Structures are given as C-alpha cells and as structure tokens.
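Here is a short briefing to read alongside the coordinates.

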Amino acid sequence: MPVDELISSLCATVVDYPKPGIVFKDLTPVFAGGAAFKAVVDALVRPFRGSFDAVAGVEARGFLLAAAAAYATDTGVVTVRKAGKLPREVISEDYSLEYGTATLELHSADLAPGTLVLILDDVLATGGTLGATARLFERCGVEVTGIGVVLEIGDLNGRAALDGHRIHSLLNL
C-alpha cells in the first residue's frame, strides 16, 4: 500500500483538541505499527538521503521520527525542545501556532557550524514550529538541507513560513 494511503488509514482525527475549533490529526496509531512506522521513516528520509549529517526532531513526536531516521541512516540525532527542558547553554526562538504562542530551544553547541541537518516533525500546519526550528539551526551556522513531515495541512499555508526550504510531506490534506 502506498505510504499516503497507509497514513490515511491509520491516522486518528480528534475534534476540538486541544481546544474547541481545532481538528487534531493524531499520528500515534501510525507510529504504533512496526511496518507502518518503518514505511513512514523510510519515505521521509528517501528524498534527502546523502544530504545530511544529522537529523533533528521537534518535541515531541518529531523525536520518534528523528531517532528512527538517524538510526536508519547512521547519522546523529538532535532534539529541539520546548523552553526550559535543556540543561546546557541554549538559544531560543519564539513562534506562533494555530492555537497560541510558544518557545523552542536548542543546545547551541550540539552541531558544529557547517553541519547539514534534516528536520523532521509529524505535522506541518501553520509552519510556526518548523520555521522556528529552522531559524534556530541557521543562527548556529547549521545548514538546513530539508524538512520532512508525515502530514501537511495545506489550508493553513505552512509552507509560506518555510520559504526557501526544501519540504517533503508524505500526506497532504
């Protein structure tokens, strides 16, 4: 079965979560099946293979994808966390999302300037989270070679916040 159909068949839809008016696409059932998870990780990495030194995952579901992708490609993995979760020196980036504002942080010394990084996350909605993530790496001199997501919600026009970045999504809604 093609990966987009596999994702569609397993993804759960939760209405009014985390607040009224939001339709949340829960990909955890996709990750729970070994064959489905492997197919998703392989499909995310395929167009970028050979173009990155490390994979970055955005808290929290991006951690799952990035760790699996890094393992599958023999590269390192870096975590981009919500504010206050990292113990060493960090840089921070504030951003807006569809239901509020937030801050992401990155250990400033985890990747050397010039390192090539692939950013992975579960969903591209407004682009706030992934845009902030890309800016964090760029501020450290790290080159973002691509952004991969499992699901893209096209009506929210998240690609506009990621102008200039190569984006690969497995399923577009």
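**A buried charge and its surroundings**

Aspartate 121 is buried but has no salt bridge, and the nearest side chain of opposite charge, arginine 61, lies 6.1 Å away. A salt bridge here requires a side-chain nitrogen of Lys or Arg within 4 Å of a carboxyl oxygen of Asp or Glu. Please keep in mind that this is a predicted model.

**Around aspartate 121**

- Aspartate 121 belongs to strand 7.
- Leaving out residues up to four places away in sequence, aspartate 121 touches Val58, Gly62, Leu65, Thr129, Leu130, Gly148, Val149 and Val150.
- Two of these neighbours, Thr129 and Leu130, fall within the range of helix 5, residues 128-139.

**Helix 5**

- Helix 5 covers residues 128-139, twelve residues in all, and spans 16 Å from its first C-alpha to its last, close to the 16 Å expected at 1.5 Å a residue.
- Which residues of helix 5 are buried? They are Gly128, Leu130, Gly131, Ala132, Thr133, Ala134, Leu136 and Phe137.
- Those buried residues pack against strand 3 (54-58), strand 4 (76-82), strand 5 (90-97), strand 6 (100-107), strand 7 (116-124) and strand 8 (143-152).
- Just after helix 5 comes glycine 141, with a positive phi of about 80 degrees.

- Arginine 135 and glutamate 93 join their side chains in a salt bridge, at 2.8 Å from N to O.
- This pair ties together distant parts of the chain, with arginine 135 in helix 5 and glutamate 93 in strand 5, 42 residues apart.
- Arginine 139 also forms a salt bridge with glutamate 93, and the closest N and O atoms are 2.8 Å apart.
- Here too the link is between distant parts of the chain: arginine 139 sits in helix 5 and glutamate 93 in strand 5, 46 residues apart.
- Is glutamate 93 buried or exposed? Glutamate 93 counts as buried, because its relative accessibility is 15% and the cut-off for buried is under 20%.
- Arginine 135 is partly exposed, with a relative accessible area of 32%.
- Arginine 139 is partly exposed as well, with a relative accessible area of 49%.

- Aspartate 110 and arginine 88 meet through their side chains in a salt bridge of 2.8 Å, N to O.
- Aspartate 110 is in the loop between strand 6 and strand 7, while arginine 88 is in the loop between strand 4 and strand 5; the two are 22 residues apart and link distant parts of the chain.
- Aspartate 110 is partly exposed at 33% relative accessible area, and arginine 88 is partly exposed at 46%.
- The count of salt bridges comes to seven.

**Helix 3 against helix 4**

- How do the axes of helix 3 (residues 34-45) and helix 4 (residues 61-73) meet? They come within 10 Å and cross at roughly 70 degrees.
- Helix 3 and helix 4 are therefore roughly perpendicular to each other, as angles of 65 to 115 degrees count as such.
- On the helix 3 side, the contact is made by Phe37, Val40, Val41, Leu44 and Val45.
- On the helix 4 side, the contact is made by Leu64, Leu65, Ala68, Ala69 and Thr73.
- Leu65 is also one of the residues that aspartate 121 touches.

Terms used:
Residues numbered from 1 in each chain as written. Heavy atoms only, no water. Helix = DSSP H or I, 4+ residues; strand = E, 2+ residues; numbered from the N terminus. Expected span 1.5 Å × (residues − 1). Buried < 20%, exposed > 50% of the residue type's maximum accessible area, 1.4 Å probe, protein only. Contact = heavy atoms within 4.5 Å. Lys, Arg positive; Asp, Glu negative; His and termini not counted. Axes fitted to C-alpha atoms, helices over the stretch in contact; angles between N-to-C directions. Parallel < 35°, antiparallel > 145°, perpendicular 65-115°, else oblique.
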